[in-house]
Amino acid sequence: MPTAGLLLAGCAGPQSALDPGGDQAHALFSLFGLMLWVSGAIYAVVLAGLGWALWRAWRRRGTDARRDATLVGGVDARLDRTLPVVAGAIVLGLTVLITGSFFADRALFATRAAPALEVRVTGHQWWWRVQYRDRVSDGWIETANELHLPQGVTVRLVLNSADVIHSFWVPNVAGKLDMVPGRTNRLDVTARRPGWYRGQCAEFCGTQHAHMAFAVKVEPPAAFRAWLAAQAAPAAPAEGRGAAAFQATCAACHAIRGAGAAGRAGPDLTHVAARRTLAAGALTMTRGNLQGWIAQPKAIKPGTSMPAIPLTPADADAVATYLATLR
Amino acid sequence: MAIGRGGATTAVLAALLLAACGREARDIGPSLGETPPRGGSDPRIPYYQDNVYQVAQGGRYFGWYGCVACHVEGAVGVRDLGDGRWQHGGGFDQVYAAIARRHGALNYAARIPAEPLWQLTAYVRDLPQHTPEKRRRLAIDQVGEPHGRSWSGPVR
């Protein structure tokens, strides 16, 4: 029992397909369960047959097989009778699997005909651009490396890539879907269980593929609307030493809405300190990690396109302090 | 020690085949380009100019920093970077200085850190060798990338 407990402990958690927290993940988990039982039964039958044959051969060692009573004219009559039964059972098992797969597919696409909340997710080397439709301005509310999903509501994720093939995967919520440059893929997710989950790029996309993760929060619709309203709000106008240093260098690639920074190459930082992680899941969001990441991004994610900016220690400190206020 | 003719041929073939691998090498150590080049014979120049990865990174920064706004495909005069004529000299250090110091109020020396400037310089010096097919290929590759302050998404 303790061994089984230890083995099963790995099945739960924030990044596990065996701990479904949404409709699509449930459909896939059920299919996985069906596959496990059918294939397990076939495996058991095949091994039992092998064991039985070995046991029979061991019991009859020394006797002449040609005098075996079951052999009539060189043909094993019992084998003739049982083989179709075994083959039929295997075909039946495979038919059950194909039927299960068919119904799981239908369940995954059941929401496709109805309108749903659209969220654009774009893969970049090595981070995620996340955009929600702004109902007021009809524009997009942009954030990065964090996806919030309203509980019990179907969200249509519109998946693209800006550079190479990435793959969107939040195993607790849905199966994976590739993000292909020049193509738009759509993935419907209906999350049911509130909490924090972890998403991960599931297609090798370069040196920092392993550090291309994101946080997913499933929350009640009211909390989701409050979060989205907070994300839509601009930051306070920039003032102070940190904001000035940010404008001089970082703003070439990063945007802070309301504070004049409008670069689009890197993640939008309007509410960066409100996020759970930093550098696409590589670090937890703390004031110290912010400054460490700014000082030497390539020491934390070798190969990242974010260059180390030669700031004086006082400026680096001021920039990190400024960013930590962007909640 | 004597090496048979077959062994020598194999060694030459292997060297030829593997020679191209070095051109793509990615270095994950501390970056070499933390200061501007010291003259045209700075030993770091071949590291950036001869490495396909470093040149390609320069191409990405070329879009991200918004260089493409002026140096567009079909630009003429000093803005045409592919014609092989360099107003302030075509040496690595000269092109680097022209990017960093000769863009007036854009003041790239202060706004762009040294390593992207190294990569941008390598990319810009690579442009005159681009064939029309390669330019088209690069344009397709970078269609989804952000350009300066605009990003419209990878699918139009």
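A residue is called buried under 20% relative accessible area, exposed over 50% and partly exposed in between, with a 1.4 Å probe and protein chains only. By that scale Gln15(A), at a relative accessible area of 31%, is partly exposed. The model is predicted, so that local features need pLDDT of at least 70 and side-chain atom pairs count only at pLDDT 80 or more, while totals for chains, interfaces and linings use all residues. Residues are numbered from 1 along each chain as its sequence is written, chains are lettered from A in the order in which they are written, and side-chain values use heavy atoms, leaving out hydrogens and water.

**Surroundings of Gln15(A)**
- Gln15(A) sits in the loop between α1 (2-9) and α2 (23-59) of chain A, where helices are DSSP runs of H or I with at least four residues and strands are runs of E with at least two, numbered from the N terminus.
- Although 182 residues separate Gln15(A) from Tyr197(A) in sequence, their C-alpha atoms are 6.1 Å apart in space.
- Beyond its neighbours within four places in sequence, Gln15(A) is in contact (heavy atoms within 4.5 Å) with residues including Trp169(A), Pro171(A) and Arg198(A).

**Interface of chain A and chain B**
- Chain A contributes 31 residues to the contact and chain B contributes 23 residues.
- Two salt bridges are counted between chain A and chain B, a salt bridge being a side-chain nitrogen of Lys or Arg within 4 Å of a carboxyl oxygen of Asp or Glu.
- Arg60(B) and Asp163(A) form a salt bridge through their side chains, at 3.0 Å from N to O.
- On the side of chain A that touches chain B, β3 (117-124), β4 (127-133) and β7 (154-161) are the elements that give two or more residues, and β3(A) gives the most, with three residues.
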